[in-house]
Structures are given as C-alpha cells and as structure tokens.
Amino acid sequence: MNYLMRRLATFPLVLLGVSILVFVAIRMVPGDSITAMLGTEAGLLTPAQRDSLAAYFGIDQPWFIQYWRWIGGILHGNLGISVTYGRPVLDVIIERFPLTLELAVLSMIIALAVGMPAGIFAATHNEKLSDLGVRIVAMIGQSTPSFVLGLLIIYTLSAGFGVLPAMGEFAPLWQDPLRNLSQMILPAITLGFAFAASVTRISRSSMLDVLSDDYVRTARSKGASARSVIWRHALPNALIPVVTLSGIEFGYLLGGAVIVEQIYALPGLGRMVLDAIQQRDYALVQGSVLFIAFNFMIVNLLVDLAYVALDPRIRLGES
Amino acid sequence: MRMLRAIFSHGSGRIGGVIVGVYLLVAVLGMLGLTPHNPITQFRVDRLHAPNSAYWMGTDLFGRDVASRLMAGIGQSFTVAFFSVAFATLAGTVLGLAAAWLGRRWDGVVMRIMDVLLAFPAILLALLIVTVAGPGTWTSIVAIGIVYTPIFTRVVRGPALSLKAREFVDAARTFGSSSSYIVTRHLLLNLVAPLTVQVTLALAWSLLTEAGLSFLGLGTQPPAASLGLMLSDSRNLMETAPWLMIFPGLAIMISILGFNLLGDALRDILDPKMRRAPA
C-alpha cells in the first residue's frame with residue numbers, strides 16, 4: 001500500500017515534467033498554428049482576424065500565461081481546443097482512442113496466444129530441432145520492423161491473392177464489428193508478430209529457468225505428471241517476466257502505432273499526434289502526449305501490482 | 001581478441017558477427033561512394049528495370065540503381081545508428097554515474113527527468129525533436145540519442161549503486177582515492193560488460209528508429225538514400241516493381257537481426273547468469 005502511494009505520488013511530478021517538455025518543444029517548431037491551419041489562405045486574413053483567431057485558441061498570450069491556463073484547464077478536465085479540428089481536444093482524443101486501444105488489445109491477444117505456447121513448447125523441447133526452429137522464427141520475428149512486415153503482408157495479399165486490406169472509412173467496433181475486424185486484423189497481426197516473438201523468447205527463457213528450480217524437481221520426483229508440472233507448478237512463476245514484457249509493450253502500443261496506422265490508413269492516436277505535430281496544433285499535441293504518458297504510467301503501475309498478485313513473495317518498494 | 005574468439009565460438013555470435021561485419025563493409029563502401037553506380041544519378045531510359053546484370057537490384061522510378069542506393073542507405077543508416085548510440089551511451093553513462101555517485105537530490109532529479117523521457121513512446125519523442133529541429137542526419141542522431149539516453153542511464157545507475165556499496169569502493173575511499181578516480185576506475189570499468197550488451201542491442205533499435213523516421217519522411221531527406229525512405233517510396237509501386245520494397249525491407253531486417261544475434265551472444269558471454277537459459 002505504501003509502495004502504491006509512493007508511486008502515485010510521483011505521477012504529478014512526472015506529468016508536470018512531460019507537460020513542460022511538450023509545451024516548450026511544440027512551441028519551438030518553426031511556423032505558427034494559424035498559418036499551418038489555413039495554409040495559403042492565412043495570407044488573406046486581416047491582422048484583426050488573425051488576432052481574434054489567436055485569441056480564440058488562446059495562443060495570443062505570453063507563453064507562461066498559456067501554460068498556466070492550460071494546466072488550470074486540465075485540472076478542470078479541459079485540455080483546450082484543437083486548431084485542426086475546431087473541437088475540444090478531449091473529444092478528439094476520446095474519438096481516436098478506442099481504435100488505438102483495440103489495436104493494442106488485439107496485438108496483445110495475438111502475441112500471447114502465439115508467443116506463450118511457442119515459448120513453453122520450445123522450453124519443454126530444449127536443445128531439440130523443434131526448439132531451434134522456434135528460436136530462429138522468434139529471432140527473425142523480433143528483427144522484423146512493423147513497417148517491413150506490413151508492406152510485405154499488403155504485397156503478398158495483392159500480388160498473390162489479388163486482394164487489398166480493407167481500408168476506406170473506418171468502422172468502429174460497436175457499429176459494424178465484422179467490418180471493423182476486417183480492417184483491424186492485418187494491422188494487429190503486423191504489430192503482434194514482433195510482440196509474439198518477444199513473448200516467445202521471454203516465455204522460453206523464463207520457463208527454462210523455472211523448470212530447473214528445485215521445487216519443480218521435487219514435484220517431478222513426487223510423481224507429478226509432466227502436464228501438471230508445467231501448468232500447475234512452473235507456469236505461474238514463469239509468467240512474471242512475460243507479464244512485465246507484455247505490460248510495457250502494451251503501454252507503448254497505447255501511445256499509438258504511428259507507422260502501422262500510417263500504412264493501413266487507420267485513424268488512431270499515433271497518426272493523430274503525427275498530424276498534430278506537423279499542423280502545429282499546440283493544444284492537441286500537448287493534450288494527447290499528456291494522455292499517452294498518463295496511460296503509460298498507469299499500465300506500468302498495473303504491471304508492478306501484477307507481480308505481487310503472481311508472486312506473493314515479492315514486496316514492492318523494499319530493497 | 002579474446003572477446004572476438006568468444007563471439008565466434010558462440011552459435012548466434014558467429015552468425016551475428018558475420019552479418020554485422022558484412023554490413024559494416026557495405027556501409028563503408030557506401031559512404032566512400034564505392035558503389036556500382038552513383039546512387040543519385042538518374043538513368044531515365046532504364047526506369048523501373050527489374051534486377052539484371054547491369055542493375056543487380058533493379059532501378060527505381062527515377063532510373064536510379066537500387067543496389068547503389070541500398071549501399072549508400074546502409075552507410076547512412078549505420079552512421080545515424082552509431083553516432084546516436086554513442087550519444088546515448090555517453091550521456092546515459094555520465095548521468096547514471098552522477099545519479100548513483102552523488103545520490104539523494106541529484107539521483108532524484110536525474111531519475112525523474114529520465115522518467116519523463118521514458119513516459120514518451122520512443123518514436124513520438126523522436127518525431128517531436130525532429131520536427132522542432134528540422135529533418136536531417138544530425139537531427140536524427142540527436143533525436144535518437146535523446147530517446148535512448150534514459151535506458152542507458154538506468155542500465156548504468158542500477159549496477160553503479162550496488163558497486164558503490166561494495167567493500168572495494170570503501171577501501172579505495174579509505175586509501176584516499178578521489179571521487180573521479182573511484183568513479184572512472186572502479187565503477188565505470190565494472191560497467192563495461194552490461195554497457196557492451198546494451199550498446200549492441202541499442203544499435204538494433206536505433207537502426208529501426210532511423211528507418212521509421214525516414215519512412216515517415218522525417219529522417220534522411222531525398223535525394224540522399226536511406227533504407228526507410230526507399231521502403232516508403234516503394235509503397236505505390238509495390239505491384240509493378242516489388243524489388244523496390246523487397247531489397248530495402250530485407251536489408252533493414254537482416255541488419256537488425258545481426259545486431260540482435262550479436263547482442264544475445266554478448267549477453268551470454270559477459271553475463272554468466274544468463275547462460276543457463278539462452279533465448
């Protein structure tokens with residue numbers, strides 16, 4: 001409980017740091033957001049129109065007042081107004097986040113469903129040909145960037161089967177689940193492949209570690225079946241590193257998979273931030289980066305708490 | 001020499017070592033301009049030629065030789081990867097040692113700053129830095145270097161803290177050794193092993209991040225060649241000229257594979273605890 005409180009106490013400090021960093025960084029991008037928003041039409045604005053637009057978006061004030069107002073707004077649940085969308089930043093984020101969350105969840109499901117059995121299989125067939133095969137595939141998987149795999153998948157589908165991934169307008173899961181899944185499955189496989197490779201490698205090595213522990217040997221000598229040794233005795237302890245890895249990876253995926261979203265033309269959080277940076281949409285960049293950082297910290301905290309649930313011997317925060 | 005022998009007697013070390021060695025050679029040739037053709041010369045009559053004896057990997061939409069561009073691109077990617085990892089290693093080591101040695105307030109401040117950087121997804125942080133400074137080789141180096149600095153800081157700080165509490169450090173203090181002597185001779189030398197493993201693995205991530213930035217148009221700028229850029233350019237020509245995608249894609253993948261294999265081997269060699277369960 002103490003640990004939880006101490007970790008939670010660091011949240012505001014880290015978020016404050018993130019807020020300062022992103023606030024300063026985005027303002028150092030050359031150009032201004034009104035020109036970025038209106039393009040060549042910005043030249044048609046009279047100085048008074050430009051001033052009133054700047055006032056509307058709150059970018060007419062000195063930087064410290066802008067920062068102060070932004071922080072004050074956050075405390076009231078107001079992340080500002082996006083210059084690009086002309087809507088509250090929180091609304092834009094809430095609109096994009098479900099896709100990112102769904103993509104992260106699907107990738108994790110693929111990674112765990114493939115990676116864990118493969119890792120356990122390799123560990124129980126240690127040093128055999130099948131183990132070597134799994135290790136080679138996992139190593140290749142871990143070394144394949146998502147954008148290489150994504151393009152390869154699209155190429156194979158179009159050249160080999162004459163079909164293209166379902167792109168076009170994105171269908172949210174709750175509106176058209178079938179169309180949604182047909183749009184999401186390939187991006188999820190693209191992201192899940194390298195993730196599955198990492199899960200395979202970590203499951204295998206942690207399973208091998210656990211299988212050589214004394215308590216597993218004791219269970220075997222007491223006549224426990226191979227299945228029971230693996231599932232009941234070894235697996236729960238071998239899971240801890242898998243949980244860590246999956247949690248961290250999931251936390252990163254919640255920040256949006258910029259490149260995969262770009263390849264498959266998905267309107268996720270990552271692509272939105274990329275566009276917002278290029279559009280100098282200060283409020284949207286600031287709000288979404290803060291949101292992503294907050295999610296990442298929460299996921300990391302949950303991962304730490306999951307250790308305790310999996311292994312009660314671990315006491316977090318004790319040296 | 002002993003290290004090289006150890007690497008080459010390790011299964012994945014051997015493969016990784018050979019891959020990295022070949023890439024280094026190609027990178028040097030690419031940087032020196034010793035390519036079959038000039039990578040930016042446009043042979044307009046030979047546009048989109050499939051691989052043949054004159055153009056081993058075919059030509060692109062502008063009639064540029066893909067093999068030459070690939071060599072130049074590997075040179076470019078490796079330059080960014082090496083300098084950015086050197087940046088991150090130096091910055092991370094100095095910060096990690098300072099945090100561990102000076103302790104208390106310094107430790108708190110440095111590690112909170114690292115927490116802030118770690119809370120950003122790597123590619124987003126790199127994107128933000130590149131957009132601020134404008135795309136280019138040096139910007140990519142600094143951006144990727146900053147992204148990986150927190151990881152090196154953590155890798156150094158943890159073991160440095162435990163080394164600081166060891167008897168030989170107390171003994172050195174008792175003999176009147178200066179702080180800088182203890183930090184460089186006793187702490188840093190003992191950190192070479194974990195740092196070596198981390199550097200090798202970071203080179204793989206760095207290649208990946210550089211390719212990702214270039215793929216998004218924020219890394220190396222045309223007409224210069226870069227693997228990520230070549231791959232991005234291949235997207236609209238995938239069906240008519242698949243070689244434009246296959247060669248750079250394989251080049252990125254195999255280079256990362258090489259560093260991953262080498263990193264794994266080094267971890268096995270330098271960290272005996274890991275030997276029990278090579279993954």
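Modeller: Start with residues 103-123 of chain A. That stretch is 100% helix and 0% strand. Its end C-alpha atoms are 29 Å apart. Keep in mind that this is a predicted model.

Biologist: Which residues of chain A does UniProt list as "transmembrane region"?

Modeller: The unreviewed UniProt entry lists 103-123, 144-164, 184-202, 238-264 and 284-310 of chain A.

Biologist: What about 238-264 of chain A, how much helix there?

Modeller: Residues 238-264 of chain A are 81% helix and 0% strand. The end C-alpha atoms lie 35 Å apart.

Biologist: And chain B, which residues get the "transmembrane region" label?

Modeller: From the unreviewed UniProt entry: 12-34, 78-101, 113-132, 138-156, 187-208 and 243-266 of chain B.

Biologist: Take 12-34 of chain B. How far apart are the end C-alpha atoms?

Modeller: They are 30 Å apart. Helix covers 91% of residues 12-34 of chain B, strand 0%.

Biologist: New topic. How many residues does each chain put into the contact between A and B?

Modeller: Chain A gives 43 residues and chain B gives 34 residues.

Biologist: Which helices of chain A each supply at least two residues to that side?

Modeller: α1 (2-27), α6 (129-142), α7 (146-161), α8 (177-211), α11 (258-263), α12 (269-278) and α13 (282-310) of chain A. The largest share comes from α7(A), with eight residues.

Biologist: What is the make-up of the chain A side by class?

Modeller: The side of chain A that touches chain B has 30 nonpolar, 10 polar and three charged residues.

Biologist: Now inside chain A. What are the domains?

Modeller: Domain 1 is 2-75 and domain 2 is 90-310 of chain A. Their centres, over C-alpha atoms, are separated by 33 Å.

Biologist: How many residues does each domain bring to their contact?

Modeller: Domain 1 of chain A brings 18 residues, and domain 2 of chain A brings 12 residues.

Biologist: Which helices each supply at least two residues on the domain 1 side?

Modeller: α1 and α2 (33-38) of chain A. α1(A) gives the most, 10 residues.

Biologist: How does that side divide into nonpolar, polar and charged?

Modeller: The domain 1 side that touches domain 2 of chain A has 12 nonpolar, three polar and three charged residues.

Conventions. Residues are numbered from 1 along each chain as its sequence is written. Chains are lettered from A and ligands numbered from 1 in the order in which they are written. This is a predicted model: local features need pLDDT of at least 70, side-chain atom pairs count only at pLDDT 80 or more; totals for chains, interfaces and linings use all residues. UniProt positions are given in the numbering used here, feature names are shortened, and annotations may be inferred rather than shown by experiment. Helices (H or I, at least four residues) and strands (E, at least two) are DSSP runs, numbered from the N terminus. Two residues are in contact if their C-beta atoms, placed from the backbone, lie within 7 Å. Ala, Val, Leu, Ile, Met, Phe, Trp, Tyr, Cys and Pro count as nonpolar, Asp, Glu, Lys and Arg as charged, and the others, Gly among them, as polar. Domain bounds come from an automatic or database domain assignment.
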